[in-house]
Amino acid sequence: MSDIPAQLRYTRSHEWVRIEDDGSVVVGITDHAQEQLGDLVFVELPEVGRRVAAGEDCAVVESVKAASDVYAPVAGEVAEVNGELEGSPELVNQDPYGRGWLFRLRDADLGSAELLDAEAYRAHVESEEH
Amino acid sequence: MSRRTPLHDHHVAGGARMVEFAGWRMPLHYGSQVEEHHRVRREAGMFDVSHMTIVDLEGPAARPFLRRLLANDVDRLQVPGKALYGCMLNERGGVVDDLIAYFLAEGRFRLVVNAATREKDLDWIRRHAAPFEVAVTVRDDLAMLAVQGPAARERVHRVLGAGADAAARLAPFHGAEIGGLFVARTGYTGEDGYELMIPAAEAGAWWDRLREAGVAPCGLGARDTLRLEAGMCLYGQDMDEEVTPLECGLGWTVAWEPASRAFIGREALEAQRAAGVTVRAVGLLLEGRGVLRHGQKVYVPGQGEGVVTSGGFSPTLGRSIGLARVPVRVGTHCEVEIRGRRERARIVKPPFVRHGRVMVDLGGGPSGEEGEQSGE
């Protein structure tokens, strides 16, 4: 079973969200998602300063076999992206909750979408597997 | 319910990620597709290709039948065991399937056709075999393993035991019955190696023995990146019934001589050749950002548009590569539309990698090289 840290929040489309003390949120894709995708070879990140709506596609992760959209979990403005992924997309496979983070949103509207806790996300993953 | 190969339980036990492919349950990878790719380039890997269809043709008219059925000419096969790559065409010159034909003995040939086209191919073969004296037998009793890589032959020899000498004498693109197996020096990765056709009941034991000899299990994922680096066409992507061999880089597989041989599709191909072929197949090396994928639009300055037929990431080159069908007067560069953006790509001549060596110039400047896909 893939790793689902208890302190994070999740979307049904397999992004994770870490809510920081300053109110910003850091976003990545879950361990389950990277496992399903396989070896990542390219990551396309949003432009800093772009405003995104909850559920809007704003990044792309490409594995050897296919491209997959990444959706903004909540509304906000892109404050920072993980530039390290440009040369090393495999960090998402190796450390999805750490060095493989994708982008940070500021002015995040946490009420703009439903976020799952770890338990609810685990149930969601299990339901998709059956 | 999808079909399972005789090795299905071995794949599951080996931790494979299983996926649906052409109605079969097949391994995509056993952990990392990229690692499996490198293993084949550097050492030896094996693929369960039992989903492919083996068809035996027997009877005094087997040869004349194949000379009608295939655009390549089986009269090139005079020594038993020799193999030939070619296409079955429809009357319009479109590719019904690409296949390998093995000459087993006079009056005995074996075809290996694609899994995804199985029913269509069998209907086509049986329909056109009807006027000939030839028996068509589907060999579902055989499993098929491809063992590929620079160390593949030596490792298969270890497992073959007494048959090793006979296998070692096989020239490229030849096969022989050895110790109850059909061993052929063919493949789809750009590496040396064998394809082994094995009685289904014995497939698991051979798989285990090859593993013990140091051959790594590999899934369909690595098979696709390897064949793309090798510049080999994939049916359903690089060619189909709407595309002729002259348009997809397989012109070299059409045997025009003797002019008297009336193969299916000949008239249409001759008409196309006389009128001038307007598109051609090339290799692409992406210089911009992203990954080339099947179906992306290609823009050729001053000449028009084309399409990426196969695209992906090359683990050996660490770059995105592809095959594309483009206007025949293509220059050194084109642009590919990737998610709404135009990215620059360089035109190169496939293969990208062969026998472990990078065959394209990865430097920035235009190579100026152009040409057709080269064959085995």
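Which side chains meet in a salt bridge at 3.8 Å, N to O? They are those of Arg155(B) and Glu154(B). A salt bridge is a side-chain nitrogen of Lys or Arg within 4 Å of a carboxyl oxygen of Asp or Glu. Arg155(B) is buried (under 20% relative accessible area), at 12%. Glu154(B) is partly exposed at 39%, a class that lies between buried and exposed (over 50%; 1.4 Å probe, protein chains only).

The model is predicted: local features need pLDDT of at least 70, side-chain atom pairs count only at pLDDT 80 or more, and totals for chains, interfaces and linings use all residues. Residues are numbered from 1 along each chain as its sequence is written, chains are lettered from A and ligands numbered from 1 in written order, and side-chain values use heavy atoms, without hydrogens and water.

Over all chains, the search finds 42 salt bridges. One of them joins Asp140(B) to Arg3(B), with the closest N and O atoms 3.9 Å apart. This pair links distant parts of the chain, 137 residues apart. Asp140(B) sits in the loop between strand 9 and strand 10, and Arg3(B) in strand 1. Strands (E, at least two residues) and helices (H or I, at least four) are DSSP runs, numbered from the N terminus. Asp140(B) is partly exposed at 44%, and Arg3(B) is partly exposed at 35%.

Asp75(B) forms a salt bridge with Arg63(B) at 3.2 Å. Arg63(B) is buried at 10%, whereas Asp75(B) is partly exposed at 29%.
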